[in-house]
Amino acid sequence: MNSPPHSLSGDIKEDFAHTESVSVASGGRVDRNKVWRKIDIRIVPVIAFMYLLTFLDRTNIGNARVAGLQEDLGLTNYQYTVALTVNYIPYICVEIPSNLLLRTIGPNILLPALLAAWGVVSALQGLVTSFRQLLVCRFFIGLLEGGAYPGFVLYLSLFYPRTKLTQRISAFFTATSLSGAFSGILARGIVHLDGTNGRAGWNWIFIIEGATTALFGVAAFWILPKDVMSAKFLTHEERVYVAEMMKEAERPEKAKLNWRSMLKAVCSPRSIFLYTATFFSGINLYSLAYFAPSIVQSLSYSAARTQLMVVPPYAVSFAVAMVASYVADRYNLRGLTCLFMSFLSLIGFLIFLVASNSHIRYGTLFLVIPGSYIGIPVCTTWNTVNNSEPYEQRAVVVGITSMASNLGGIIAVWLMGEWSTPPAYTPGTQVLIASSAASLICSACCLAFLVFANRRKAALHGQSSHRFLL
């Protein structure tokens, strides 16, 4: 017996259903759970690995610093912080333009091209001999990487309806946690090349990791399909099914671009609350992304042991992220997930501030790293699924959300670099406590606003009206 036509609520319930066959417009039948598994296996791991390489190339300068970069180049703390800041200026400027160009050029062309190009520039950091040369490399890495994260989010939104996005976006964003873990492991091994061909260990960190990125970027040209209808790993019936699901999840009144309605959505209270929450989460995330190795080293660990000690908190963060994103999607709890992660960060930073024992301070990383690294993808998805169409609106919202997190990153590099000194990092930790609290408050305000908006819609238009996802 054929299944009844899907509705958005039906799509939510689909996750709970047993595997079953459904009919499609082309007349064939598909196993719907098998379809999503196929996409999960063929698309999400590739995007996750690409983003892992992205984050690795952007933040491995922290490992290089521990391995001697700052001393060898004769950088002051101020100059090191400037080098980190330069990365963000072009990064922020290109996020929205890159998103709008993604469909025109094709994500299967633009994303691999960007990956290969910044991999080359990242490898060139291993050849720098001066502060100015380092600044040039950091600038072009930011210019080329700026379209990566929002582009990956948009790319996944071409394959999944909005009720399935959180888990997939979080799955690839957890690559940031893996990059933190791998960065320490790789750096620990690579620094043994110190002296090879007359180059220091930190030179080889950049050269090897950048070259790996460039090579995978070239390979990705043959791996990524442009969209669902060009995905050769799906049968014709499966492609039709996914296209039907994507079309059904859209609101008819939003099918065409209306600049006035887009501006209203982009500037709506729900979006502004999430931009702000993402900004504060960005301060936390990038403070840890760039300075976790320095923080661990300040607890009296050797340079070699530091590279390994940063691995466990990131490994835990990966596991927590997978569970949290599953719960957020399955039970429609994106708002509560954001609240919980902000609360986790808040508690961790409070303990770090008042504790004097180095083991306890190290233990707080198991709270603050998961709390900081999971909030951004959930907030991004939460904003994306409630501004899902048309494409241009989704592109702008994702771009602004990513810009907000990277604006937080600019503050982070100064906060933990020039404005705070190890081992206490007192001013920085105090700001991170405040930013965790602010992120929690903004997430709570957004959740309350959406609950109120849904009740108002139900009262005016009935339960069948399009509702915001919580």
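Predicted model: local features only at pLDDT ≥ 70, side-chain atom pairs only at ≥ 80, totals over all residues.
Colleague: Fine. What makes Lys38 partly exposed?

Modeller: Its relative accessible area is 21%, which puts Lys38 in the in-between class.

Colleague: And how do you know that Lys38 and Glu238 meet in a salt bridge?

Modeller: The rule asks for a side-chain nitrogen of Lys or Arg within 4 Å of a carboxyl oxygen of Asp or Glu. Lys38 and Glu238 come to 2.9 Å, N to O, so the pair qualifies. The two sit 200 residues apart, Lys38 in helix α2 (residues 32–42) and Glu238 in helix α13 (residues 236–249). By "helix" I mean a DSSP run of H or I with at least four residues; a strand is a run of E with at least two, and both are numbered from the N terminus. Glu238 itself has 5% relative accessible area, so it is buried.

Colleague: How many salt bridges does that rule give?

Modeller: The count comes to three. Arg168 and Asp40 make one of them, with their closest N and O atoms 2.9 Å apart. Arg168 lies in helix α10 (residues 165–173) and Asp40 in helix α2, so this bridge ties together parts 128 residues apart in sequence.

Colleague: What makes Arg58 and Glu145 a salt bridge?

Modeller: Their N to O distance is 3.4 Å, so they pass the cut-off as well. Arg58 is in helix α3 (residues 44–59) and Glu145 in helix α8 (residues 131–145), 87 residues apart. Arg58 and Glu145 are both buried.

Colleague: On to the rings. How many aromatic pairs are there?

Modeller: The structure holds 20. Take Phe49 and Phe216: the centres are 4.7 Å apart and the planes at 80°, so the pair is edge-to-face. The rule for rings of Phe, Tyr and Trp (its six-membered ring) is centres within 6.5 Å, with planes under 30 degrees apart called stacked, over 60 edge-to-face and the rest tilted. Phe49 is in helix α3 and Phe216 in helix α12 (residues 201–220), so the pair ties together parts 167 residues apart in sequence.

Colleague: Why are Phe221 and Trp222 called edge-to-face?

Modeller: Their planes are at 80° and their centres 6.4 Å apart, so they meet the distance limit and the angle limit. Trp222 counts as exposed because its relative accessibility is 72%, whereas Phe221, at 32%, is partly exposed.

Colleague: Which surface patch includes Phe221 and Trp222?

Modeller: A nonpolar one of about 600 Å², made by Leu101, Ile105, Ile109, Val218, Phe221 and Trp222. Patch residues need over 30% relative accessible area and no salt bridge; nonpolar side chains (Val, Leu, Ile, Met, Phe, Trp, Tyr) are joined within 5 Å, like charges within 9 Å. Leu101, in helix α6 (residues 77–105), has 42%, so it clears the area limit.

Colleague: How do you know that the charged end of Arg65 sits over the ring of Tyr80?

Modeller: A charge sits over a ring if NZ of Lys or CZ of Arg is within 6 Å of the ring centre and within 35 degrees of the ring normal. Arg65 is 4.3 Å from the centre of Tyr80. Arg361 lies over the face of Phe352 too, at 3.9 Å.

Colleague: Last one: why is Val368 called buried?

Modeller: Because its relative accessible area is 2%. Val368 lies in helix α20 (residues 365–385). Beyond its neighbours within four places in sequence, Val368 is in contact (heavy atoms within 4.5 Å) with Leu288, Ser345, Gly348 and Phe349. Across the protein chain, buried residues make up 59% of the 470.

Technical notes: Residues numbered from 1 in each chain as written. Heavy atoms only, no water. Areas by Shrake-Rupley, 256 points an atom, 1.4 Å probe, with all protein chains shown as cover. Buried < 20%, exposed > 50% of the residue type's maximum accessible area, 1.4 Å probe, protein only.
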